[in-house]
Amino acid sequence: MNPLRYLVFFHPARLARSLRMALKSLLLHKLRSGLTMLGIVFGVFSVIAMLAIGEGASTQAQQQVLQLGATNILCVSVKPPEETSDPSQGRQWVVRYGLKEADLKLLDVIPSVVRAIPIREIGTEARYGGRTLNARLVGCTPDYFEVNHLSRATGRFLTDSDGEKFAMRAVIAHDVARELFRHEDPLGKTITVNQQFFRIIGVTRFRTASAAIGSSLSGQDYNKDIYIPLETLQTRIIPGGVDVQRKSGSFSAEEVQLNQITLQVTDPQVVLQTAETVRESIERNHPGMKDVHVVVPMELLKQAEQLRGIFNVVLGSIAFISLIVGGIGIMNIMLATVTERTREIGVRRALGAKQSDIIEQFLTETMVLSGTGGLIGVVLGLLTPQAFQAVRGLANRWILEGSAAGGELGRMFTQMEPTVPYWSLPLAFGFSVAIGVIFGLYPARAAARLDPIEALRHE
Amino acid sequence: MKLAANVRDIHKYYDLGSVVVKALRGVSIEFPKGDFVAIMGSSGSGKSTLLNLLGALDRPTYGQYILGGYDVSQLTDDHLSDIRNRLIGFIFQSYNLIAQYTVLENIEVPLHYRPGHKPISSRDTNRCIDLAQQVGLADRLDHRPYQLSGGQQQRVAIARALVNDPEIILADEPTGNLDSKTEVEIMDILRGLNRQGRTIIMVTHETSVARVAHRQVYMKDGLMAGEGLFPG
């Protein structure tokens, strides 16, 4: 048999005729065809929507990691769990833990480290005029702004000379400026922090808070920060690094020299190697103390990518199942149609239709159903971001109230922007057509294999 | 005389597992071109089986069937489809029009299945319109079957049977569902076609209908029982 014979299927006139025939049959039962199609519409829509949400979530995670800097290694002081101050054990007034100046010096000499940026931060209360605000007082070096991608609204950032002079100057973040100064221009004004006076030299722009990344890094809101030179903080605010806090009638004191050291590495290639060296170095200086976490954004990025893969597979398969359910719906209807139209099949066979003609006819019908459903699904899929906005609006109003909205999951939900990956459109549409073929083939073959004599006799 | 169709000692057995039903047990009959034959017989006589074989819907167990010069007794399924399409025009008792198609589209159906699937040209369409005119339905081309009376539907079926200019026309109880007035109209059309030279083979058990044909053959128990118009 000449295989070129099948090319005749694709003759435009014949294709148009098959489509017209299929449409006539399908339009005979508009409601039935519409409902059958709906299964595929939702299947394709959910595949695209799920992939869009997965893509959005992973983009969000990636952006957060990239905000931390792909070439950065973060060493963070953490309170070791076994050293939590227990009043019954009495004596231990001051809990000492975390990074020391010595660590900074050691880490700074690792060859691949470009610079090491130390910070020390404490929770505090800032005051201006009659207004107060709970803020985070961050002692840092000028590099801090660049490394954390902060941008300037007015004024300037801290400079090296501010640190050398132990200057009482501060740069405040967006929310601090808004809460304390309202409509006033904060530049040149003086605020009170820990009984010390600081002159405002600059304000940073608003920056979206970062969500926590797994368990390794808690979320950070940069908008309630007050930045002062590290040297000023260490000498004038908490000399010796001891931060005393009053909690419900009792005192607790922590001695921490540095909260965090951000290491910037020459290039992304060596980040993971350097991270190993850093971990070893810290383990040598803090043997068994587990009071320093080393966070490597690059590692988190890799994890996020893996997570995105898993996410896409899981969401995609769930959606794919609904597509298959749609296909089963088509098959079901087509089987019923074949039974209902047995007589028609018999007539067509008597008038000269070959088995292949009957297969072509019924397959065209299922493909018109699934193809149209697929197209509608693609259009709906493109509207995923808008649909998500609407759902988010409802959820914000009715469900995510108060604390839930600030939670990790809530923040992930409210800050995520689903993006429809363009490759998902042909993919979902292709799957819908493929499902039309797969689930249409059996009914079509069943129709073609009917004995024409029996089919003609069918009532 | 040239033969349109020739059946030589045809047997058709159905194997039902425990028993073998011998529906045809050696039937021979010749149909010259331009013949108009009525095949009669009680139910179970084998006339339906013979009609199925004549219509190339089935293959005989033994024997030979020559149609328009082709031996169609042992062809493949696809070839039988081509034979039905090119050489046979079917007229059924219950018209068997396709519900979702208009009159014109119904007449066109056999053209869809022409060997090679030639697209339908405007000449083809004009031919279909001519045929509709011949059977008196020129003003109903856009009607659907449910908008037509039984007689009109059967006229559409006749036009459809003619569209591929077949060698023989097979009519299975063509007036079985019609009242006697319409019966006369339909038989007039068939007689007219026969006068134009068409070969018509008709299965019926009504003598009034059979009388219109040139000759009448009787079947009994899977065999030819005789020829001629028997009273009653």
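Across all chains of this predicted model, a search of the whole structure finds 28 salt bridges. One of them joins A:Arg115 to A:Asp143, with the closest N and O atoms 3.0 Å apart. A:Arg115 belongs to strand S3 (residues 113-128) of chain A and A:Asp143 to helix H4 (residues 143-147) of chain A, so the pair ties together parts 28 residues apart in sequence. A:Arg115 is buried, at 19% relative accessible area. A:Asp143 is partly exposed, at 28%.

Strand S3 of chain A also holds A:Glu121, while A:Arg136 lies in strand S4 (residues 131-140) of chain A. The side chains of A:Arg136 and A:Glu121 meet in a salt bridge of 2.4 Å, N to O. A:Arg136 is buried, at 16% relative accessible area. A:Glu121 is partly exposed, at 23%.

A further salt bridge pairs A:Glu365 with A:Arg341, the closest N and O atoms being 2.9 Å apart. A:Glu365 sits in helix H11 (residues 355-382) of chain A, and A:Arg341 in the loop between helix H9 (297-340) and helix H10 (342-350) of chain A. Both are buried, A:Glu365 at 1% relative accessible area and A:Arg341 at 10%. Shared partners join A:Arg341, A:Glu344, A:Arg348 and A:Glu365 into one network of salt bridges.

Between chain B and chain A, 3 salt bridges are counted. Among them, A:Lys24 pairs with B:Glu105, the closest N and O atoms being 2.9 Å apart. The contact takes 28 residues from chain B and 27 residues from chain A. About 2,600 Å² is buried between the two chains, 55% of it on carbon and sulfur atoms. In chain B, B:Gln100, B:Tyr113 and B:His117 lose the most area to chain A, together 27% of what that side buries.

Notes: Residues are numbered from 1 along each chain as its sequence is written. Chains are lettered from A and ligands numbered from 1 in the order in which they are written. This is a predicted model: local features need pLDDT of at least 70, side-chain atom pairs count only at pLDDT 80 or more; totals for chains, interfaces and linings use all residues. Side-chain values use heavy atoms; hydrogens and water are left out. Contact means heavy atoms within 4.5 Å. Buried area is the accessible area (1.4 Å probe) that two parts lose on being put together, summed over both. A salt bridge is a side-chain nitrogen of Lys or Arg within 4 Å of a carboxyl oxygen of Asp or Glu. Helices (H or I, at least four residues) and strands (E, at least two) are DSSP runs, numbered from the N terminus. Buried means under 20% relative accessible area, exposed over 50%, partly exposed in between (1.4 Å probe, protein chains only).
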